[in-house]
Amino acid sequence: IPNLSPQSLEVAFNMAQKYFAIAQNSKGEKELKIKLLEFARRYFTICAHFNFYPGYHEYFLGIIETELKDYSSAVNQFLEAKDRLTEQQVEDAELESGLDFYLGSSLINQGKHDAGVLYLKTLYHSEKTNESLKNYADMYFKALANDMYSVSFSSGLQYHENIHQLNNNDRKLMPLIKEEYGKVPGAYRNLGASAYYYSGMGEKWSSTFVLNGLNLTPIDREQNIRDYSSCGTYLLLQANDSKLTIPGITFSYNRSFYRPAKNATSKSYQTIIEMNPQINYLTTKGISTAKLQLVRTRDVYADYLSKAGISLNYVPLLRRKWLAPSLTLATASIQESKPYESSLSYSGTLTNHATLGRFGDLFLTLIATRNINDDSYMDYLEQNYELLWSMPISSLKGVILSFSVGQYFRDDQVSARIEDKTAEAKLSWSL
């Protein structure tokens, strides 16, 4: 685009606003409205290229993206508009309120419920917000009061290069312990089911309840010692009367079963009860969750054990096609089973979500855990890497195909490294 004079850019900006206004007031065919919005977007894009009226063209481009239901692009435009207006020290209370409203509603439509609600709360409780936008925000809150529920089922195959999680020295001895373990590589049949219920956003509280079950059965029945199943529940309660935060608390219960020896019957292996007080709050270009972790565990190898710690999760709201990260840092004191002393644990989890359009979504997850203990065996470093691809099958409503590959490492000062490569293919169906 050749350099344009300020007068030409003024004309382009006015043309963009005209097309935008006509599209917004259009009561005709949907195709005509989309064409008008596309014309408006072209002129606003020219203004953006020459940085003409910074902040304003991003605001209008964001609204156009919401009309076209591209909520990820809309969120990026609104956040960019807020940055530009701050840099230029522009004071426009009506524009700031509009930005918060469209940003909050776009985040909700994008699936980031808590972040969107926090922006709408900020807008609703601000003295600068006009009554019209307050009413729109209130309409969103009422729409979120509807309850939701779903049921899903999944089935697939899961492969492990080291299905018994043996260290490298024990794997070399495999011919001697083959009678007990069978083969080192192995594959599972994977069956899962879950039920989800959301009570809706009430004036005081909202609740989310999840019930799930999982069964892993080795295909090679010589490896039936690896039979595993679990069932659990999860309850999240969130307070909605706080003005600028979303406090809440989660309760979870999980019980797992395993087969202690070949041809033995399955028995209860482990019970985990967890409670996590938490609070969600807005930070610069993102939403953070601070959480207190309180865990009580009972398994066949020990009496009741406990874990107490804190974690902080940060999700930036600015999203690109290939970049939508999430970072969690946590630390905890862990009571180990006898004869080991308590451990101090540090962990970090980094996840990135890449959008592939009609080819689905790609998730990369990296997890590192450092466990510090006076005992050499319990003083270890664990690393987990996973790449997951998922894609809805358009011809089958509610069906998602997914495939993942992963690698696990555990290193301590006593035994040789434990490592395992995994792969899984799965079909999920939601009602």
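Start at Arg 259, whose side chain makes a polar contact of 2.7 Å with the side chain of Asp 227. A polar contact here is a pair of N or O atoms within 3.5 Å; within protein, one has to be able to donate a hydrogen and the other to accept it, and residues adjacent in sequence count only if both atoms belong to side chains. A polar atom of the Arg 259 side chain also sits 3.2 Å from the backbone oxygen of Asn 224.

Keep in mind that you're looking at a predicted model, where local features need pLDDT of at least 70 and side-chain atom pairs count only at pLDDT 80 or more, while totals for chains, interfaces and linings use all residues. Numbering runs from 1 along each chain as its sequence is written, and side-chain values use heavy atoms, with hydrogens and water left out.

Arg 259 counts as buried because its relative accessibility is 16%, and the cut-offs are under 20% relative accessible area for buried, over 50% for exposed and partly exposed in between (1.4 Å probe, protein chains only). Setting aside neighbours within four places in sequence, the contacts of Arg 259 (heavy atoms within 4.5 Å) include Arg 221, Ile 225, Ala 264, Thr 265 and Ser 266.

Now hop over to the largest nonpolar core, which has 44 residues, with Phe 20, Phe 44, Tyr 59 and Leu 317 making the most contacts inside it. Such a core is a set of buried Ala, Val, Leu, Ile, Met, Phe, Trp, Tyr and Cys residues joined through side-chain atoms within 4.5 Å. Among the elements giving two or more residues to this core are helix 1 (6–25), helix 2 (30–49) and helix 3 (56–67). Take Phe 44: beyond its neighbours within four places in sequence, Phe 44 touches Phe 13, Ala 16, Gln 17, Phe 20, His 57, Phe 60, Leu 61 and Ile 64.

Helix 7 also holds Glu 131. Is Glu 131 buried or exposed? Glu 131 is exposed, because its relative accessible area is 52%. Its C-alpha atom is 33 Å from that of Leu 9, 122 residues away along the chain.

The C-alpha atoms fill a box of roughly 85 × 40 × 40 Å along the principal axes, and 37% of the 431 residues count as buried.

Note on methods
Helix = DSSP H or I, 4+ residues; strand = E, 2+ residues; numbered from the N terminus.
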